[in-house]
Amino acid sequence: MTGEYSTAPGAGRAVPDAGAAVARQGRSDVRYPVCGGRGTDVGEQAPLGAVDVARHIRPGVEKAMTMQVAEESGRHAQAVAHVQSPMPARVRAAGLADIAEKLDTGVRLEMADGLQLFACPDLLALGWLANREREKRHAGRTYFNHNIRIEATNVCVASCLFCAFARLQPGDDGAYTLSLDQVWDKLRARADQPLTEVHVVNGLHPELPFDYYLDLLRGFKRIRPDVHLKCFTAVEIAFFADLYQRTDEQVLRELMAAGLDSLPGGGAEVFAERVRRKICHDKCGADRYLDIHRTAHRLGMRTNVTMLYGHIETLEERVDHMLRARALQDETAGFQAFIPLAFHPDNNQMRKLPAPTAAETLRVHAVARLMLDNIPHIKAFWIATGVETAQTALWFGVDDLDGTVQEEQIYHMAGASTPAALTTGDISRLIRVAGRDPIERDTLYNVVTQH
Ligand code: SF4
């Protein structure tokens with residue numbers, strides 16, 4: 001159980017064309033010089049998000065340019081009229097009045113509504129509606145936590161087409177499995193950090209004993225008894241049950257007795273059978289994923305649910321995914337957050353597909369906020385969306401930016417060039433500059449610090 005461990009942080013880049021920043025995903029390692037921002041020393045390099053970039057455009061120049069273009073083209077004139085319209089009129093013009101009324105009167109959105117939202121050409125009108133729902137629940141509050149992410153092994157018997165992280169067998173090029181001491185050292189090395197959460201996800205290793213995982217949890221709790229352990233996706237729980245000949249519930253109970261506090265939402269991908277058959281045919285199916293979360297909720301744990309978007313799934317399959325998550329939430333109320341995960345195409349078997357654009361990412365998060373009336377939080381996982389897009393999404397239904405993360409390999413091996421870590425100061429600044437109120441939370445959304 002030993003092996004090499006290496007992180008793959010994005011390399012630093014030169015200052016790019018500011019106007020392209022919002023459209024570009026996964027390029028959030030860009031750093032700009034700033035002077036005297038909150039929590040930033042004069043001259044210190046600090047990350048600049050999409051909202052900062054937008055604010056660099058001089059309003060007078062923007063207006064003059066807009067007027068000139070409007071004279072040249074009826075299409076642009078219409079766009080200018082939209083900008084000048086009060087947003088409810090714009091929502092009406094976008095054909096979303098019926099949906100807005102349903103939201104006002106507490107009528108649930110269904111499949112046809114979700115498809116209409118995805119088809120709506122006016123992204124700002126959609127975002128406005130999603131933001132309204134976000135503000136009803138959270139006003140400007142925006143959550144993040146101080147966490148560390150650990151992937152103890154990338155050896156995995158499954159063959160998900162989108163995965164660049166997994167290696168089939170121990171000894172394969174790039175395969176690693178950390179010893180328990182190596183894993184625990186990651187926590188010990190951060191003894192000076194006020195971490196509240198350790199987040200662990202792994203490949204499906206066919207040879208490790210169950211005790212490896214039980215001891216891993218016990219060791220974390222010995223080192224930091226107060227830390228919250230959010231570990232093992234439902235896919236891993238199903239794998240453990242099959243490999244170690246237990247029921248899913250027995251696995252959950254044993255892990256909880258060893259210190260497990262909650263489950264992350266990974267492994268959901270897209271629930272539709274057509275998609276799963278093509279991209280992840282040999283791991284736990286949608287029904288079992290949902291049933292494991294159902295069981296975890298019944299046992300008293302809170303969990304999250306994800307959706308991998310931007311590959312071969314149809315819009316109908318996206319909405320169906322959201323509706324299935326919503327249906328389970330009606331039963332259990334155990335999900336805390338819905339987390340759309342952007343597909344990354346590098347170094348995997350789906351590399352011919354383009355990555356989702358920033359506009360698609362904003363749309364998915366906004367539709368999720370509108371469809372999932374019973375899941376409290378919509379989270380933008382900045383590692384996957386890019387920092388700028390995650391920051392912009394705070395006006396498109398998102399109220400949570402995950403956390404400091406610190407070490408991440410799954411997305412970076414698939415081409416993400418986001419930083420490997422953000423500090424709590426970085427995240428707090430990104431939120432504040434976006435005009436939102438940063439709140440450091442623990443895993444269960446108790447307030448740790450109001451930044
Ligand atoms: S996504 Fe998870 S289960 Fe699928 S191959 Fe990668 S590590 Fe294995």
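I count two residues as in contact if their C-beta atoms, placed from the backbone, lie within 7 Å. My helices (H or I, at least four residues) and strands (E, at least two) are DSSP runs, numbered from the N terminus.

**Ground rules.** I am working with a predicted model, where local features need pLDDT of at least 70, side-chain atom pairs count only at pLDDT 80 or more, and totals for chains, interfaces and linings use all residues. Residues are numbered from 1 along each chain as its sequence is written.

**Helix α6.** I looked up which residues of α6 (residues 111-119) are buried, and found D113, G114 and L117. Here buried means that 20 or more other C-beta atoms lie within 10 Å of a residue's own, exposed means 12 or fewer, and partly exposed is in between, with C-beta atoms placed from the backbone. The three cover an arc of only 100° around the axis (taken from the directions from the helix axis to the C-beta atoms), which puts them on the same side of α6. I also recalled that an α-helix has 3.6 residues a turn, so residues three or four places apart point the same way. On the other side of α6, I noted A112 and A119 as exposed. Among the elements covering the buried residues of α6 are α5 (97-105), α7 (123-138), α14 (315-332) and α15 (358-371).

**Helix α7.** Next I checked the length of α7: its 16 residues should span 22 Å at 1.5 Å a residue, the expected span being 1.5 Å times one less than the number of residues. The end C-alpha atoms are 22 Å apart, which agrees. I listed A125, L126, G127, W128, L129, A130, N131 and R134 as buried in α7. Their cover includes α4 (87-93), α5, α6 and α15. Just after α7, I found A139 with a positive phi of about 50°.

**The core.** Which residues touch the most other members of the largest nonpolar core? I found L129, L217 and F338, out of 115 residues; such a core is a set of buried Ala, Val, Leu, Ile, Met, Phe, Trp, Tyr and Cys residues joined through C-beta atoms within 7 Å. Helix α15 gives the largest share of this core, eight residues. Leaving aside neighbours within four places in sequence, L129 is in contact with V91, L96, A100, L103 and L370.

**F338.** I located F338 in strand β9 (residues 335-342). F338 is buried, with 28 other C-beta atoms within 10 Å. Not counting residues up to four places away in sequence, F338 touches V305, A325, A368, L372, I375 and I378.
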